[in-house]
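I opened this notebook page to record what I looked up in one protein model. The entries go from the overall fold to single residues.

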Amino acid sequence: MSENQTQPQFALKRVYLKDASLETPAAPQVFTKPWQPEVNLDINTRSNKLDDQHFEVVLSLTVTVKNEGEAAFLVEVQQAGIFLLAGLGEAETKHTLGAFCPNLLFPYAREAIDNLASKASFPALMLAPVNFDALYAQQLQKAQAEAGETH
């Protein structure tokens, strides 16, 4: 290995809550009904290059909980992190930013959502783990299929 080649480096520099919101449109009536929630989770990720080695990754989760067909509450959380990435190829960098980093941020986002739901007087809402590698692979396949359609 030549001296000019950089060893791969990865580090989580900071984790922070970028944005959070909670809506309880059916309160207080929702608390008088039997609780049989229907949970819907929407996930989105994005990354921003801060400098040559630092990236911000933002994991956005929107949880909509309905009870008896009516919106009981809606929680939106943007959990972010600053990551150091160096010495990786383009494909490795994209995979790290699109799958590995969101996987590290997810437990923090899940805890923030659970805390907001609890503070609104709803039962704890522990979201199931998410396979970000599978989501990233689906996103790549979709992008490749769309690229194939345009040619």
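What follows are my notes, beginning with the fold.

Fold. I was working with a predicted model, and I looked up its secondary structure before anything else. I found four strands and two helices in the protein, and reading along the sequence I noted the pattern β-β-β-β-α-α.

Overall dimensions. I then looked up the radius of gyration, which is 19 Å for the protein, whereas a compact globule of 151 residues would have one near 15 Å. The C-alpha trace spans about 70 × 40 × 20 Å along its principal axes.

Among contacts with a separation of 6 or more, 70% are between residues 24 or more positions apart. For the charges, I recorded 11 positive and 18 negative, with mean positions 4 Å apart.

Backbone in the loops. I found a cis peptide bond joining A27 and P28, with omega about 5°, and I placed P28 in the loop between β1 (9–23) and β2 (37–49).

E68 lies in the loop between β3 (54–67) and β4 (70–86), and its relative accessible area of 52% makes it exposed.

S121 has a positive phi as well, near 80°, and sits in the loop between α1 (90–119) and α2 (132–150).

Notes: Residues are numbered from 1 along each chain as its sequence is written. This is a predicted model: local features need pLDDT of at least 70, side-chain atom pairs count only at pLDDT 80 or more; totals for chains, interfaces and linings use all residues. Side-chain values use heavy atoms; hydrogens and water are left out. The radius of gyration is taken over C-alpha atoms; the globule rule is 2.2 Å times the number of residues to the power 0.38. Contact means heavy atoms within 4.5 Å. Lys and Arg count as positive and Asp and Glu as negative; His and the chain ends are not counted. The place of a charge is taken as NZ of Lys, CZ of Arg, CG of Asp or CD of Glu. Buried means under 20% relative accessible area, exposed over 50%, partly exposed in between (1.4 Å probe, protein chains only).
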